Each structure stands twice: as structure tokens, then as C-alpha cells.
Amino acid sequence: MKRKSAVNRVLLALTGIVLLGSGILILAGGFDVYRRWELTPPTGWPMTAPDEVLLDAADRNSWTDQGWWWPVVIAVLVIVVLLALWWLLTQLRRTHPGQIPVGGPPAVDGVELRERALSDALAADARQQPGVHKARARMDGSAKHPEAHLDLTLASDGEPGSVLQTLGDGPLERARRSTGQTRLPATVRLRVTPHKAHRAD
């Protein structure tokens with residue numbers, strides 16, 4: 001999950017940089033920025049005036065008479081299309097369990113628990129534990145291997161160690177048993193209830 005998010009951010013950042021740079025380059029030439037601001041672009045810099053184009057006829061036709069040109073172009077386009085399809089399919093792939101089979105293993109045929117219902121039940125159970133002020137939960141992973149993510153806000157008298165121990169022995173264990181999972185990995189984020197500073201006289 002984290003690796004997928006990191007790859008998405010890198011790809012989006014690179015795409016954004018390329019598109020932004022290309023747009024600035026075209027706008028600078030289209031609005032005649034180089035002449036107006038008396039700037040000297042590098043030698044061979046494309047699109048330096050409104051009447052210029054990115055690729056003139058000579059540039060477009062310089063390689064077309066080479067035997068290797070079209071196979072290379074087609075191969076590059078195929079690779080780009082395949083990479084784009086792979087990225088799109090990874091985005092569409094379900095990252096939440098959806099319907100979680102109940103019972104077992106093996107699970108009871110046809111009996112399933114909605115991901116949202118399990119998240120709400122887990123959060124409600126966690127809120128009842130000593131030292132917990134607020135609790136939110138969500139499920140990730142697949143239907144066969146769900147993962148719990150909890151966001152807990154500790155009460156003013158809550159101790160992280162005891163809260164985590166109670167959470168593992170109580171709500172998480174009950175959620176694991178209710179779904180028939182052999183294990184239920186969990187990630188817990190702890191917060192502290194904000195409070196005003198007390199003045200000592």
C-alpha cells in the first residue's frame with residue numbers, strides 16, 4: 001500500500017514536471033517573452049518566437065528514411081501504452097477487502113461481513129476500552145487477508161502501553177475471531193487529547 005502510494009507520487013510528480021516545463025516553454029515562445037525581456041535562449045532552443053514551431057518539416061522528416069526509425073517508434077509507443085495500462089490497472093485494483101468471509105477457516109459458504117460494518121464495530125469496541133477517548137478504524141488488504149488500521153485518541157489518563165495491550169487482547173482479538181481469521185495485522189496511530197495548560201500558583 002505504501003509502496004504503491006510512493007510510486008504514484010513519483011510518477012505524478014515527474015509527469016507534472018514534464019508538462020509544466022513544456023507548457024512554460026511553449027507559452028514563453030508564444031508570447032514572445034525572449035524578445036520582450038531581451039533574453040538570449042540557448043543555441044537550438046525550440047519555440048523562441050511566436051512564428052516558430054516545435055518541430056519544423058526538416059526535423060520531422062530527418063529520420064523517416066532510416067530503416068530502423070519506424071520499428072523503434074512503434075516499440076516505444078507499445079511500451080508507453082503497456083506501462084500506462086499497467087498503471088491504470090493498479091489504480092483500479094481493490095485495496096479494501098469489501099466483503100469479508102465469516103467463520104472458519106474454512107469460511108461459512110455465503111456468509112460475509114461488510115468491510116464498513118467490521119470497521120464500525122472495531123471502532124465502537126475500541127472506544128469502550130479504558131484510556132481511549134475517540135477511535136476510528138478502517139480495513140485494508142484483501143478479503144482473505146484483511147488488515148486493520150486504527151486511529152486512537154487517548155484520554156488524559158490513558159497510557160499508551162496499557163491501551164495497546166488492551167486493544168490487542170480485546171477488540172482486535174474479537175474482530176479476528178468473528179471473521180475466522182488466523183491472524184489480523186493491525187496498525188495503530190495514537191494521539192493525545194488536547195487540553196489547556198494548568199496554571200500552578
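Colleague: How many residues apart are D120 and R116 in helix α5?

Modeller: Helices here are DSSP runs of H or I with at least four residues, strands are runs of E with at least two, and both are numbered from the N terminus. D120 and R116 are 4 residues apart in helix α5, so about one helical turn separates them. This is a predicted model, in which local features need pLDDT of at least 70, side-chain atom pairs count only at pLDDT 80 or more, and totals for chains, interfaces and linings use all residues. Residues are numbered from 1 along each chain as its sequence is written, and side-chain values use heavy atoms, leaving out hydrogens and water.

Colleague: What distance separates the closest N and O atoms of D120 and R116?

Modeller: A salt bridge requires a side-chain nitrogen of Lys or Arg within 4 Å of a carboxyl oxygen of Asp or Glu. D120 and R116 form one, with their closest N and O atoms 3.7 Å apart. As for cover, buried means under 20% relative accessible area, exposed over 50%, and partly exposed in between (1.4 Å probe, protein chains only). D120 is partly exposed at 39%, while R116 is exposed at 60%.

Colleague: Which helices hold R174 and D125?

Modeller: The side chains of R174 and D125 form a salt bridge of 2.8 Å, N to O. R174 is in helix α7 and D125 in helix α5, so the pair ties together parts 49 residues apart in sequence. D125 is buried, with a relative accessible area of 19%, whereas R174 is partly exposed at 37%.

Colleague: Which residue forms a salt bridge with E173?

Modeller: The partner of E173 is R176, with the closest N and O atoms 2.6 Å apart. They lie 3 residues apart in helix α7, so about one helical turn separates them. The whole structure has 8 salt bridges, and a network of them links R136, D151 and R191.

Colleague: Which residues of the largest nonpolar core touch the most other members?

Modeller: In soluble globular proteins, nonpolar side chains tend to be buried together. A nonpolar core is a set of buried Ala, Val, Leu, Ile, Met, Phe, Trp, Tyr and Cys residues joined through side-chain atoms within 4.5 Å. The largest one has 18 residues, of which L122, A126, A148, L150, L152, L167 and L172 touch the most other members. At least two of its residues come from each of α5, β3, β4, α6 and α7.
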